[in-house]
Amino acid sequence: EINRLMRQIQPTIFLSQLHNGVQINHEDIFQLRQNWPDTRFINWNGDYWPDNLLSEDGIKLAKTFDYQLTVNRDADEKYRAMDVNSGYWQIGFEPDGIGHEGDYNFDVVFLASGYSEARKNLVAKLRSCNFNFGIFGPGWKDAKGQTIYNFIEGCKIYRGSKISIGDSQWPETGFVSNRVFQALAAGGSALAHQWFRDMDKLGLVDGETCIIWRDFSELEAKIRYYLGNEEKRKAIALAGEQLALERHSFDNRVSELLELINDKVEESWR
C-alpha cells in the first residue's frame, strides 16, 4: 500500500509515526528509500515511552530515517549519543478545539485519564480543597464526561472554567501531552501546569502565559491566589491563548519541520 501511494504521489517528504518496527520495520524503510532516493524520510514519535524509542528495534528504525523526531527530550539526547539524526518536535493544537463558547462554570478543571497513582493522588487532593472542581476523562468513577479527541467539548470546558490543571508524569524528560496546547488555545482558563524541563522554550512562563507548580502545596496556594485575583488570572489566560495561536498551531509545526530539514518550499505546502 505504501509503495502504491509513493508511486501515485511522488512525495518530496515521507512523514510517518512509527512507534516500533512491528508492522513496518527498518528493512521496509530502507527498501522504500532505495526506491525513492530523493525523498526525505522522517519519523515522529509523539509519545513518552522510552522502551519503544530506545529499544534495539527502535534504534534500528530511527537510524534508517533522515530524521527521527520525538517529544521526549531525554530520548532525543540519547538518540544523538547513538548517532541518530534526531530532534525535538512537538504536536500542535487541533483547530476544531478553538473558538467555541464555554458552557461550563468550574473554578478548576482537569481533563486527564486516570491511569497513574500520582494522578489519582493529585485528583484526591484537589477534591479535598472544596474547589468547584470538574474532572473529565476515562478512569474516574465520577467523571463529568469523556473528552479524549473531542476537542470541541474540551474547548467548551476550558473556555468556561477559570483554571485548568496539567500534570507532568515524567518532568525531567520534557515530555508533555497535546492537552497543554489544547488548553492554552481554547482560552478562558489559565493553565496551571506542573513544571517540566524546558517549559520556557515553548513560551510557558510562570505568571505570564501560565501558572507553574512543582508540588501540591504550591499548586493549591497559586489556585487560591489567582481565584482571588481575577484580573491577573484573565491576563494569564489571554496571554496563554495568544501564545498557542501564534506559536503552537500545526502551520507553525510544518514551518519548524521545513526549517529543520533545510527545505525551501516556494509553493504553499497546503
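**Exercise 1. Charges over rings**

Over which ring does the charged end of Arg214 sit, and how far from its centre?

Solution. The model is predicted.
- Step 1: find the ring. The charged end of Arg214 sits over Trp195.
- Step 2: read the distance. The separation from the ring centre is 4.4 Å.
- Step 3: turn to Arg73. Arg73 lies over the face of Tyr88, 3.5 Å from the ring centre.

**Exercise 2. Classify the pair Tyr48 and Phe175**

State how many aromatic pairs the structure holds, then classify the pair of Tyr48 and Phe175.

Solution. 
- Step 1: count. The structure holds twelve aromatic pairs.
- Step 2: take the geometry. The ring centres of Tyr48 and Phe175 are 5.9 Å apart, and the planes meet at 55°.
- Step 3: apply the cut-offs. Stacked needs under 30 degrees and edge-to-face needs over 60, so the rest count as tilted. With planes at 55°, the pair of Tyr48 and Phe175 is therefore tilted.
- Step 4: Tyr48 is in the loop between β2 (40-45) and α3 (50-53), and Phe175 is in the loop between β7 (163-166) and α8 (179-186).
- Step 5: check burial. Buried means under 20% relative accessible area. Tyr48 has 13%, so it is buried. Phe175 has 10%, so it is buried.
- Step 6: widen the view. Ring pairs link Tyr48 and Phe175 with Trp49 and Trp170 into a cluster.

**Exercise 3. Classify the pair Tyr104 and Phe136**

Classify this aromatic pair and judge the accessibility of each partner.

Solution. 
- Step 1: the centres of Tyr104 and Phe136 are 5.5 Å apart, with 90° between the planes. The pair is edge-to-face.
- Step 2: Tyr104 is in the loop between β4 (86-88) and β5 (108-111), while Phe136 is in strand β6 (residues 133-136). The two are 32 residues apart.
- Step 3: Tyr104 has 24% relative accessibility, so it counts as partly exposed. Phe136 has 1%, so it counts as buried.

Methods:
Residues are numbered from 1 along each chain as its sequence is written. This is a predicted model: local features need pLDDT of at least 70, side-chain atom pairs count only at pLDDT 80 or more; totals for chains, interfaces and linings use all residues. Side-chain values use heavy atoms; hydrogens and water are left out. Rings of Phe, Tyr and Trp (its six-membered ring) pair if their centres lie within 6.5 Å; planes under 30 degrees apart count as stacked, over 60 as edge-to-face and the rest as tilted. Helices (H or I, at least four residues) and strands (E, at least two) are DSSP runs, numbered from the N terminus. Buried means under 20% relative accessible area, exposed over 50%, partly exposed in between (1.4 Å probe, protein chains only). A charge sits over a ring if NZ of Lys or CZ of Arg is within 6 Å of the ring centre and within 35 degrees of the ring normal.
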